[in-house]
Amino acid sequence: MKYCTNLLFVLFLLPVFVFGQGKKAAKGGDKIDKLKAEAVAAVEANAVQAQQINDMLFSFAELGFQEEESFKYLTTLLEKEGFTVKKGISGIPTAWIATWGSGKPLIAVGSDIDCIPKASQKPGVAYKDPIVEGAPGHGEGHNSGQALNIVAVLAVKKLMEREKIPGTLMLWPGVAEELVGTKAFYVRDGYFKDVDACIFTHVGNNLGVSWGDNGNNGLVSVRFNFEGQAAHAAGAPWRGRSALDAVELMNIGWNFRREHLELTQRSHYVISDGGDQPNVVPSKAAVWYYFRERTYPKIKKLFETGVKIAEGAALMTDTKFTYEILGSAWPVHTNRVIAAAAYDNIKKVGLPTWSDEDQLLARASQIELQAPKTEGLATKLDSMGMPTSSAPVVMMGGQAMTPMGGGSDDIADISWSLPTIVLRYPSNIPGLPGHHWANAISMATPIAHKGIVYGAKAEAMTLLDLLLKPEVLKEAWAYYKDEQTKDIKYEPLISPKEQPAIYLNKKIMTEFKPKLEPFYYDPAKYKTYLEQLGIKYPTVRDDQREAVKKAVEKEKSSAAKAGSSRSE
Ligand SMILES: [Zn+2]
């Protein structure tokens, strides 16, 4: 409610503000608009570079903390473009910060770079067809954000040089986002302490932005390591104490407890070590949990419940346990003022024009994956996302329900440290499962390429707002201080002693990297990665083509019916 009142207040004041500024402001505005148009043209002219960066990262397909090729490629590129690159930040070999320019404001632009286990998929193919069976792949689309950021920043940098605009641009990667493994460390280690604003980009299926609490969960990622006694599993089992028993009992305990947890919690686990072979009582075993909740105190409480259950399991099995925090994220809260500025630009940019081939690939994939809707790619801009606290409340059995939570992103730890927004861009197909091979289908095709270019235009325009309109930054900080952090203060879920879990995924990448290497993209030889792989765009089966045709006809006839009933 508070947000609504403030919004009305701002809308009411808007005409006064605009007229009160007089001619000078209008002139300044004209100049900024001109620069924005130039930035948009520069992004458009750089579309090939965006496509190449996108396709290159797609072909590397590197899991969190093991983004070695992506690291080499991106840092080399940025150094060539005149950036100063600090490598290995927070003790993470694949993390870096690239800066260019001087003085204030310091604007950070970031995006994730890691991929998903077992999500290898040929782009442009509307059914499961891995590049390398069992290998990681970009089933979340994290190959696209750096491409967007780099072309947007290069367009703005050119204008800053020519117009002598003061300020510093900082590019950085979300390493191991799928493990929520790094951003809280960047914050803890002070890499964002002088940053004035941050634009983060994440792949989506529309060009959009939201502000406030996004209704999702934060989390803590914890591995419980149990230790017992080995013994001959048949010869002397009474001498053994099974660490695996402890893991199983912990999971059983947790699954019983689940019934008595708040409805907003989401928790899941994998047994990351279940012993070596059946004839040896496992002396070591480990289970890895994500504990997700809506607020910091609730995340802490959920985690404490997990520790208690681990204690119970250890008692029952006469084993010992330790735990390690492998990652963490606060629930995301983004900045209203910067989101409003970005949304103004988004409206000017609009959505890409999709070709028949793009729509065929999208619809065929949606039908293949049984998506809730099979209407293809977005053709209408989303409205600006509003905080969940001012969203309509769902009534259930007469009781008001709070947002039900969902995924997490450690960009939250940055968004709680300084004014931050997340810009989403339309490079993916709506309605796919997420963290899945199918989410890689569009990610090195014209769908992704166009989505990135449109996102980059909106980002470049918003960067110019942040560099040239001091009032935007001032109001953004006022929102951050007076509203966002008025009652809630950021406390990290990691302590000063935790270190990034940089060993994670090492084994998997050691196995798959040699198998993926022959498929790395070579832009010197091939215009696109699709061309290199010899994929006809789009590749759909005959039955998929037929199903799409039927779905389109059905939509047309129901649209016609709706039209005729309206006219009656
Ligand atoms: Zn992501």
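**A first look around the model**

Reader: Where does Asn-505 sit?
Author: Asn-505 is in the loop between α13 (470-484) and α14 (506-516). Helices are DSSP runs of H or I with at least four residues, strands are E runs of at least two, and both are numbered from the N terminus.

Reader: What kind of model is this?
Author: It is a predicted model, where local features need pLDDT of at least 70, side-chain atom pairs count only at pLDDT 80 or more, and totals for chains, interfaces and linings use all residues. Residues are numbered from 1 along each chain as its sequence is written, and side-chain values use heavy atoms, leaving out hydrogens and water.

Reader: Back to Asn-505. What is its phi?
Author: Near 70°, a positive value in a residue other than glycine.

Reader: Is Asn-505 buried or exposed?
Author: Asn-505 counts as buried, at 19% relative accessibility. Buried means under 20% relative accessible area, exposed over 50%, and partly exposed in between, with a 1.4 Å probe and protein chains only.

Reader: And Lys-118, buried or exposed?
Author: Lys-118 is exposed, with a relative accessible area of 65%. Its phi is positive too, about 55°, although Lys-118 is not a glycine. Lys-118 lies in the loop between β3 and α5.

Reader: How many residues of α5 are buried?
Author: 15 of its 19 residues, so α5 is mostly covered. Helix α5 covers residues 145-163 and reaches 27 Å from first C-alpha to last, close to the 27 Å expected. The expected span is 1.5 Å times one less than the number of residues.

Reader: What follows α5?
Author: Lys-164, with a positive phi near 55°.

Reader: New topic. Which residue does a cis peptide bond join to Pro-105?
Author: Lys-104, with omega about -5°. Pro-105 is in the loop between β2 (96-102) and β3 (106-112). Another cis peptide bond joins Tyr-537 and Pro-538, with omega about -10°.

Reader: Where is Pro-538?
Author: In the loop between α15 (529-533) and α16 (542-567).

Reader: What is the mean pLDDT of the chain?
Author: The mean is 93, and 92% of residues reach 70 or more. Over residues 1-22, though, the pLDDT is below 50. pLDDT is the predictor's confidence in each residue, from 0 to 100.

Definitions and conventions: Contact means heavy atoms within 4.5 Å.
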